[in-house]
Amino acid sequence: MPPHTTTPARAAPVIGAATVNRSRSALARAGLALGVLAAAAVGPVLAGASQAASRGAMRSLIRRAAVAAGVTALVVGASAGAAAASTTALRPLAFTPSGHNFGPVTVGRTAQQKFTLKNNSSTTSSRLTVGLAGSARFSITADTCAGIRLQPGKTCTVTVRFAPTATGAVTGTLKAAGTSRAATASLAGTGGGYLYWSNYATSTINRANLNGTGVTTLVSGLNSPSAVAVDSSHIYWTDYSGGHTVSEANLDGTGVTNLVTGPSYSQGMAVDGSHLYWSITMDAAADPNSGTINEANLDGTGVTTLVTGQSGPEGMAVDGSHLYFVNYDAGTINEANLDGTGLTTLVTGQKGPYGVAVDSSHIYWANYLGGTINEAPLAGGTATTLVTGQSDPVGVAVYGGRLYWNNLGTGTIDEANLNGTGVTTLVTGQYDPGGLAVSPS
């Protein structure tokens, strides 16, 4: 919201100085006038009375002069106070909140926010107009402000809806204005996005809108792809067999490139702004890479083993400071620093944990054997089962306040709220869907 427009705050200090000066001037004039009167009255008294009587008369006149001067000073002070009050700056209209980011909202869905407009000034506003500027994806769905004269201290409300029709970020502005006053609130939102997943049985990488529509095969002819990760420009996946450990393609499926070759049985996959990370769950030939967490630069160079000695590492996730992965055989959820140090077990006692995802406060995972979707606080705390009754859930993703996972047993992609409510099947008819990722564009 722009800064409040106020009357310049010079009036009060100037009026205060003028008040003192005028008070002193009035007092001096009053004293001078009364002094003249006193002299005129005292003269005759001194001429015809004793010195004691003269002093008494003088004191009486001086007291009357002081009283008169005090009354004058009070009048001047009261006038100055009224002048100061009359010049108090009026504050403008203001919205609460002063802005709102709707965050990522799935294309085809909507989100709403109510804004409260308050008249903070001491006068009633002129008739208000209310409108929006910017993206047409914002609209007003309720409005008690337009056309009214808002009285001092009173409020009205405007409700704005964000309904993205395409992916990507947009902005707008909510405005309310009278003849001489206006208020604004900033608006922002992101239309998201896409689901990406692998089909292990058909060796394909696939995509759909976040609401499950528009299912498309992007890449085919792979070697049993398992995990999937995305960034702003590419899809990455691991091939469980065939020696193509990590591969990439553009977000539309073109430009397929093998980045890392070597051991088979690569499984989990994650990406951040500078590195690729993947797990190798096992190797039939007892390769030293079994049970490891690995990294490489985004172009596939600089391959490094970060963590060794894990028991069936499967799904992986990454945030700005840590790597997260599950150990399927050991039934644990684990974290490590981005360089592989500080290995810590966060959760134990899980039944075949597989896919994993993370947001700013929680870690989420699927228990393949237990058929559940679960969470735990990143800061430490008790694990919670959010969703039960799933059919071999594997890949997990979190985005825009929603959880997504795939069920290998039923060939579906499903979603729910972060608290596990509102379970919905988005995509059906898939063949061994494995890794799952979400991209806002």
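**Confidence**

I began with the pLDDT (the predictor's confidence in each residue, from 0 to 100): the chain averages 82, and 77% of the residues score at least 70. This is a predicted model, in which local features need pLDDT of at least 70 and side-chain atom pairs count only at pLDDT 80 or more, while totals for chains, interfaces and linings use all residues. Residues are numbered from 1 along each chain as its sequence is written, and side-chain values use heavy atoms, with hydrogens and water left out.

I then looked up residues 1-90, where pLDDT stays under 50. For this stretch the model has 44 contacts (heavy atoms within 4.5 Å) beyond four places in sequence.

**Nonpolar cores**

I took a nonpolar core as a set of buried Ala, Val, Leu, Ile, Met, Phe, Trp, Tyr and Cys residues joined through side-chain atoms within 4.5 Å. Buried means under 20% relative accessible area, exposed over 50% and partly exposed in between, with a 1.4 Å probe and protein chains only.

The largest core has 20 residues, and F95, L117, V160 and L174 have the most contacts inside it. Two or more residues each come from β1 (93-96), β2 (99-106), β3 (111-119), β6 (155-162), β7 (168-177) and β8 (182-192). Helices (H or I, at least four residues) and strands (E, at least two) are DSSP runs, numbered from the N terminus. β6 gives the largest share of this core, 4 residues.

I listed the neighbours of V160, leaving out residues up to four places away in sequence: F102, A111, Q112, Q113, F115, L132, F138, S139, L174 and L187. A second, separate core has 13 residues, including Y196, V219, L222 and I235.

**An open sheet**

I traced 4 strands in an open sheet, in the order β11-β10-β9-β32, with antiparallel pairing. Two strands pair if DSSP finds at least two bridges between them. β11 (216-219) and β32 (433-439) are the edge strands, each pairing on one side only.

β9 (residues 194-199) pairs with β32 over 5 bridges. W197 has L436 in β32 as its bridge partner.

**Aromatic pairs**

I found 10 aromatic pairs in the structure. Rings of Phe, Tyr and Trp (its six-membered ring) pair if their centres lie within 6.5 Å; planes under 30 degrees apart count as stacked, over 60 as edge-to-face and the rest as tilted.

Y354 and Y368 form a tilted pair, 5.9 Å centre to centre with 35° between the planes. Y354 counts as partly exposed because its relative accessibility is 22%. I also noted that F102, F138 and F162 form one aromatic cluster.
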